[in-house]
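Student: I am new to this structure, and I would like to understand the words used to describe it. Could we look at it together?

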Amino acid sequence: MIVNGFFRGVLGAAALVFAPMSPTMANDIRYSDDATLACLAGQSGAAAMACAGRAARACTEATPAGSTTIGIAQCTEAELKFWDTRLNAAYRKLVKRAKARDADLGGPPEGPIFLALRDMQRAWITFRDNSCEYERVHYHGGTIAGLVWVNCTMTITARQALNLEADVAGQ
């Protein structure tokens, strides 16, 4: 999938900023999607964006070392994975729909509708990466730079997931 590989870049960038974590620290976060899911249950459209970050904040509050740089990063990365999973599920549905529409129009399954979707998503990945890099570099490699990067990628990924889900739903 187009988006999945991006975690290697995010986590790789975070690894440069954060000290190595012990296996115990990596298992100590108390993350659940519940806070974000509960918020999303009553929201649609642009209002749903207010739900992005809810699970990460709940995680930092529930995790003993949640207010540390590593704790915040782990909780935010966990919610980023949540949004990335949703984005990929919506993208797969849209790919299937685009290929069916292209075939219905008498062309190849990977015709103009599919190609436009694919190109849009590739351009979005570039936009996300460049936007978050722009935010990150303002902190000159300081500890907060990694947190800014992860939070930015989580927020932009949430927005794109919601946009793609709305497209799937026909909104």
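Student: Is the crossing of H4 and H5 left-handed or right-handed?

Tutor: The crossing of H4 and H5 is right-handed. A crossing gets the name left-handed if the near helix is turned anticlockwise from the far one by less than a right angle, and right-handed if clockwise. Before we go on, a word on what you see: this is a predicted model, in which local features need pLDDT of at least 70 and side-chain atom pairs count only at pLDDT 80 or more, while totals for chains, interfaces and linings use all residues. Residues are numbered from 1 along each chain as its sequence is written, and side-chain values use heavy atoms, with hydrogens and water left out.

Student: How many helices and strands does the protein have?

Tutor: There are 7 helices and 0 strands. Both are DSSP runs numbered from the N terminus: helices are H or I runs of at least four residues, and strands are E runs of at least two. Along the sequence, the pattern reads α-α-α-α-α-α-α.

Student: How is the packing of H4 and H5 described, by what angle and what distance between axes?

Tutor: Two packed helices are described by the angle between their axes and the distance between the axes. For H4 and H5, the angle is about 145° and the axes are 8 Å apart. The axes are lines fitted to C-alpha atoms, for helices over the stretch in contact, and angles run from 0 to 180 degrees between N-to-C directions.

Student: Which residues make the contact between H4 and H5?

Tutor: From H4 come Arg54, Ala55, Ala56, Cys59 and Thr60, and from H5 come Gly71, Ile72, Cys75, Thr76 and Glu79. Contact here means heavy atoms within 4.5 Å. By class, this contact has 5 nonpolar, 3 polar and 2 charged residues. Nonpolar covers Ala, Val, Leu, Ile, Met, Phe, Trp, Tyr, Cys and Pro, charged covers Asp, Glu, Lys and Arg, and the others, Gly among them, are polar.

Student: How do H3 and H4 cross, left-handed or right-handed?

Tutor: The crossing of H3 and H4 is right-handed. Their axes come within 6 Å and cross at roughly 145°. Ala35, Thr36 and Cys39 of H3 meet Arg54, Ala55 and Ala58 of H4. That contact has 4 nonpolar, 1 polar and 1 charged residues.

Student: Why is Ala48 called buried?

Tutor: Buried means under 20% relative accessible area, exposed means over 50%, and partly exposed is in between, for a 1.4 Å probe and protein chains only. Ala48 has a relative accessible area of 3%, so Ala48 is buried. Ala48 lies in the loop between H3 and H4, and Ala48 touches Leu40, Gln43 and Leu162, not counting residues up to four places away in sequence.

Student: What makes Gly45 count as partly exposed?

Tutor: Gly45 is also in the loop between H3 and H4. Its relative accessibility is 48%, so Gly45 counts as partly exposed. The C-alpha atoms of Gly45 and Arg159 are separated by 9.9 Å, although the two are 114 residues apart along the chain.

Student: What makes a group of residues a nonpolar core?

Tutor: A nonpolar core is a set of buried Ala, Val, Leu, Ile, Met, Phe, Trp, Tyr and Cys residues joined through side-chain atoms within 4.5 Å. The largest one here has 28 residues, and Leu40, Trp83, Leu117 and Leu164 touch the most other members. Helix H3 (34-41), helix H5 (69-104), helix H6 (112-137) and helix H7 (143-169) each give two or more residues to this core. In soluble globular proteins, nonpolar side chains tend to be buried together.

Student: Which residues is Leu164 in contact with, leaving aside its neighbours within four places in sequence?

Tutor: Leu164 is in contact with Leu87, Ala90, Tyr91, Leu94, Met120 and Gln121.

Student: And how much of the protein counts as buried?

Tutor: Of its 171 residues, 38% count as buried.
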